Structures are given as structure tokens and as C-alpha cells.
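Work through the exercises below with the sequence and the 3D structure at hand, and try each task before reading its solution.

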Amino acid sequence: MSIKKLAFSGVQPTGNLHLGNYLGALTNFVSLQKEMECIFCVVDLHAITTFQNPKELKQNIFETTAAFLAIGLDENKNIIFNQSSVSGHAELAWILNCVSRIGWLNRMTQFKDKAGSDKEKASVGLYIYPNLMAADILLYKATHVPVGADQKQHLELCRDVAQKFNKDFKSENFFPIPEPLIQKNISRVMSLRDGTKKMSKSEESDYSRIDLKDSADEIVKKIKKAKTDSSPIPGQEKELEKRPEALNLLKIYADLKKTPIQKILSEMEGKEFSFLKNKLSDSLVATICPVGKKIKELIDDKAYLEQVLNKGREKALKKAEENLKKIREIVGLL
Ligand code: TYM
């Protein structure tokens with residue numbers, strides 16, 4: 001029996017969305033909505049694994065919802081909602097905490113990065129975060145998960161948890177084993193200040209990333225200041241192996257232009273990086289500024305955003321409750 005395709009993905013409401021989120025995940029959401037049923041979730045319970053100012057969190061939940069709509073996700077076709085409004089996420093996370101193994105969580109590199117040098121002081125929530133992410137996906141029996149490359153290890157854990165649940169409870173094929181959908185051309189957008197680090201909301205310097213709400217002037221300034229090296233643009237991609245910043249800018253440009261990087265290199269071989277930077281700024285302004293403008297417009301219409309989230313919640317709740325009923329039976333809960 002073939003199972004119906006269903007995509008699930010989540011974005012944390014922890015501040016400004018950036019170019020990494022956009023190219024690594026959001027553009028994939030937009031194309032996927034044409035191919036299958038999709039659930040897009042503002043994962044507020046994930047956000048609070050590190051302390052969030054309550055007022056800012058609320059605003060960021062609205063802003064992430066606005067970003068989903070601004071990039072072109074259809075609120076009628078897809079389910080758009082915030083995670084904490086469907087309590088099944090927390091309930092299934094607890095059940096999966098009892099399936100998942102400590103050894104598996106100990107291997108998670110994102111926890112090590114986020115917890116920093118003093119792991120004893122990290123929240124327990126941050127440690128078991130991947131189990132909540134598995135619950136998000138499995139609660140809806142999702143088959144596909146569009147994410148950036150940084151989430152790959154979490155997805156592997158989700159697959160292990162699903163397999164162990166099915167085996168422990170002798171419920172073969174109950175949870176589908178979800179497939180990660182990771183962008184081929186640019187799965188990890190790197191910082192504009194350090195090409196070995198991913199572009200991230202938590203990076204201190206504003207100059208390390210392009211935010212979706214940046215003005216044209218800010219984009220131009222950030223690209224002008226982006227780190228490069230003194231060599232000109234090479235003719236072959238393999239010559240960029242030890243030039244992470246140069247490779248990052250070229251990959252971003254190729255992705256925005258929907259052109260293979262080799263073609264860009266053939267056209268620009270021997271030119272200085274200032275030439276690429278001018279073209280890159282133009283492309284970014286043309287792509288990002290309309291999205292930022294739309295986010296700013298939508299964020300002022302809280303009533304509309306609430307209505308979108310409520311409608312999504314109703315639909316998500318129905319699916320979650322159906323699946324949870326079966327999960328409780330399988331586990332032996334009354
Ligand atoms: P989050 O909120 O950090 O990021 C949202 C999405 O953006 C992608 N991303 C990137 N892609 C490429 N380059 C980058 N520099 C970059 N930075 C972020 C992320 O891979 C992600 O797809 N744990 C998740 C949220 C989550 C989730 C889920 C995702 C919770 N439950 C269930 C999928 C399914 C996270 O923190 O994403």
C-alpha cells in the first residue's frame with residue numbers, strides 16, 4: 001500500500017529570519033506546496049529551550065507567520081500554525097523521550113554548539129530538543145521534511161526513534177520513516193564574516209547575515225563588507241576548495257540566479273570580487289526586499305495573522321488527535 005505524501009517543517013520564532021533560512025528551507029517550502037500536502041509550523045516550544053523574552057516571543061511568533069505568508073505559502077492549501085497551540089506535540093515528545101536513547105542525544109552536535117563550554121547550565125529542554133522535533137514530524141506521520149543541512153542529524157535521530165517505536169511496540173510501518181529534503185545547490189548558507197560557520201540568528205555581528213527585513217542600503221553595505229580574499233574569481237569550482245568565503249558568495253549568487261555555479265565561474269573568470277559583489281547585491285535586493293516589505297505590511301495586521309494561525313490549529317489538531325488516539329492505544333495508555 002502506498003502512503004500519502006505529507007511534508008512537515010518548522011521554523012523557530014527567535015528573531016529575524018535570514019538568507020540562510022530563506023535559501024536553505026523557505027524556498028523549498030514554496031515549491032513543495034505544489035507537490036504535496038504540507039504543514040508549516042512556527043515552533044515556539046523549540047524557541048523556549050533557550051530563554052526568550054515573553055513579549056518578544058509573541059511578536060516573533062507573528063513575524064514568523066508573516067514570513068511564511070510573505071514568501072508565498074498559501075494559508076488555505078497548507079496548514080500553518082504555532083506548535084504550542086496543539087498540545088499533542090508535547091504529549092508525543094514525552095512518549096518519544098521514553099523511546100529515544102541517551103547515547104543518541106549525546107551525539108547531537110547542535111546541542112554541543114548551542115550549550116557551549118558549560119553544558120551543566122544548559123536547559124534540559126535544549127538537550128532533549130531533537131525528541132520534540134521527532135514528535136512534531138511523527139505526530140502527523142509526515143513522510144517528507146524540507147530542511148537545511150544543519151538539521152540532517154536531527155532528522156536521522158527522528159528516523160531512529162520512529163524505527164525503534166515501530167519495533168518495540170510491534171507496530172510495523174506505524175510511523176513512516178521520514179525523508180529529509182535538503183536543497184542540492186545550497187544546503188548551508190555560511191556567515192558573511194566567516195565562511196566556515198553557518199549563517200545564524202545567534203551570531204553576534206549583524207554583518208554576518210542578510211536579514212529578510214534588511215533595506216536595500218543595508219544589503220548593499222553588508223555585501224560590500226562581506227569577507228573575501230585577494231585572489232580573483234577562478235574558472236573552476238575545485239579551485240574554491242580552500243576559499244570558503246568566496247565559495248559562499250558564489251553559491252548564493254548561483255542559487256539566486258538559478259544557474260549552475262560552473263556557468264557563473266566561466267562567465268566571471270579572472271574578474272575581481274567587487275564585480276560579483278555588485279551583481280550579488282542587485283540580485284539580493286530584487287529577491288529579498290519585496291519579501292521584507294510584505295513581512296512589514298503583514299505584521300501590522302495581527303487580526304489576520306491570528307485568524308491564519310487559528311485556522312491552521314483547527315486542521316492540525318484534528319490530524320494530531322486522530323494519530324494520538326492510536327499512539328495511546330499502541331503504548332497501552334488508557
Ligand atoms: P531553524 O529555526 O534554526 O531554521 C529554520 C530552517 O532554516 C534552515 N537554516 C539554514 N539553511 C541553510 N543555511 C543556513 N545557514 C541555515 N540556517 C537555518 C534550517 O535548517 C531549518 O530548515 N530544529 C529546527 C526547527 C524544527 C523543525 C521541526 C524542522 C522544529 N521541529 C520539524 C523540521 C521538522 C530549527 O531549529 O530550525
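**Exercise 1. Determine how helix α3 is oriented against helix α13, and which residues join them.**

Step 1. Helix α3 (residues 54-70) packs against α13 at an angle of about 80°, and their axes are 10 Å apart; axes are lines fitted to C-alpha atoms, for helices over the stretch in contact, and angles run from 0 to 180 degrees between N-to-C directions. Helices (H or I, at least four residues) are DSSP runs, numbered from the N terminus.

Step 2. α3 is therefore roughly perpendicular to α13, given that angles of 65 to 115 degrees count as roughly perpendicular, under 35 as roughly parallel, over 145 as roughly antiparallel and the rest as oblique.

Step 3. On the α3 side the contact (heavy atoms within 4.5 Å) is made by Gln 59, Ile 61, Phe 62, Thr 65, Ala 66 and Leu 69, and on the α13 side by Lys 302, Tyr 304, Leu 305, Glu 306, Val 308 and Leu 309.

Step 4. Sorted by class, the residues of this contact of α3 with α13 are eight nonpolar, two polar and two charged.

The model is predicted, with local features needing pLDDT of at least 70 and side-chain atom pairs counting only at pLDDT 80 or more, while totals for chains, interfaces and linings use all residues. Residues are numbered from 1 along each chain as its sequence is written, and side-chain values use heavy atoms, with hydrogens and water left out.

**Exercise 2. Determine how helix α4 is oriented against helix α13.**

Step 1. Helix α4 (residues 88-97) and helix α13 (residues 302-331) pack at an angle of about 25°, with axes 11 Å apart, so α4 is roughly parallel to α13.

Step 2. The residues that meet are Gly 88, Glu 91, Leu 92 and Ile 95 in α4 and Leu 324, Ile 327, Arg 328 and Val 331 in α13, and by class this contact of α4 with α13 has five nonpolar, one polar and two charged residues.

**Exercise 3. Classify the angle between helix α10 and helix α12.**

The axes of α10 (residues 244-257) and α12 (residues 273-299) come within 10 Å and cross at roughly 45°, and α10 and α12 are therefore oblique to each other.

Definitions and conventions: Helix = DSSP H or I, 4+ residues; strand = E, 2+ residues; numbered from the N terminus. Nonpolar A, V, L, I, M, F, W, Y, C, P; charged D, E, K, R; others polar.
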